[in-house]
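Good morning, and thank you for coming. I would ask you to look at the sequence and the structure together while I speak.

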Amino acid sequence: MNLRDPTGTERDPIQRSTSNQPQGAIVSVGPQPPPDESRTDISRSCRHQSVEPVLIDTAEVATMLSMSTSRVYRETSKLGLKGYKLGRGRSAKVLYKRTEVFKWLEQQKIY
């Protein structure tokens with residue numbers, strides 16, 4: 001039985017292999033390893049977790065503490081918070097560790 005291509009030529013319905021293997025040769029594939037389910041579970045869980053930043057800027061600290069940014073700049077040493085200056089000069093950005101800010105807030109708790 002021959003089939004017609006849309007181009008009008010006839011072709012054999014059984015497609016022949018164009019590889020270097022002789023016709024009728026048996027190709028051994030071998031056993032396939034089972035899929036690693038633990039890897040897919042980890043990659044799925046990592047995709048759905050959001051990563052919180054380690055450092056936050058002065059504006060975020062100010063909103064967390066209900067202060068102005070200028071007051072945060074002035075009183076960080078009094079508050080016991082250590083800032084990390086990134087850059088040079090007056091326009092350098094000062095960042096704070098989120099964990100240190102939360103630790104300071106816990107110390108201010110009234111029992």
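**A loop residue and the sheet beside it**

Let us begin with Val54, which is found in the loop between α1 (37–48) and β3. Please keep in mind that the model before us is predicted.

Is Val54 buried or exposed? Val54 has a relative accessible area of 59%, and exposed means over 50%, so this residue counts as exposed. Together with Leu55 and Tyr84, Val54 forms a nonpolar patch on the surface. The accessible area of these three residues together is about 250 Å².

I now turn to the sheet. Strands of a sheet pair through backbone hydrogen bonds, either parallel or antiparallel. In this model, three strands make an open sheet in the order β3-β5-β4, and their pairing is antiparallel. Why is one side of β3 and of β4 left without a neighbour in the sheet? The reason is that β3 (55–57) and β4 (83–86) stand at the edges, where each has a single partner strand. On average, neighbouring strands of this sheet are turned by 40° against each other, direction ignored.

How many bridges join β3 to β5? There are three, and the two strands run antiparallel, with β5 covering residues 93–97. As an example, Asp57 has Leu95 in β5 as its bridge partner.

Finally, we come to the helices. Helix α2, residues 58–65, lies across β3 and β5 and runs at about 85° to β3. Helix α4, residues 98–107, also packs on the sheet, where it touches β3, β4 and β5. The direction of α4 makes about 60° with that of β5.

Thank you for your attention.

Definitions and conventions: Residues are numbered from 1 along each chain as its sequence is written. This is a predicted model: local features need pLDDT of at least 70, side-chain atom pairs count only at pLDDT 80 or more; totals for chains, interfaces and linings use all residues. Side-chain values use heavy atoms; hydrogens and water are left out. Two strands pair if DSSP finds at least two bridges between them. Helices (H or I, at least four residues) and strands (E, at least two) are DSSP runs, numbered from the N terminus. Axes are lines fitted to C-alpha atoms, for helices over the stretch in contact, and angles run from 0 to 180 degrees between N-to-C directions. Contact means heavy atoms within 4.5 Å. Patches are made of residues with over 30% relative accessible area and no salt bridge: like charges are joined within 9 Å, nonpolar side chains (Val, Leu, Ile, Met, Phe, Trp, Tyr) within 5 Å. Accessible areas come from the Shrake-Rupley method with a 1.4 Å probe; for residues, only the protein chains shown count as cover. A salt bridge is a side-chain nitrogen of Lys or Arg within 4 Å of a carboxyl oxygen of Asp or Glu. Buried means under 20% relative accessible area, exposed over 50%, partly exposed in between (1.4 Å probe, protein chains only).
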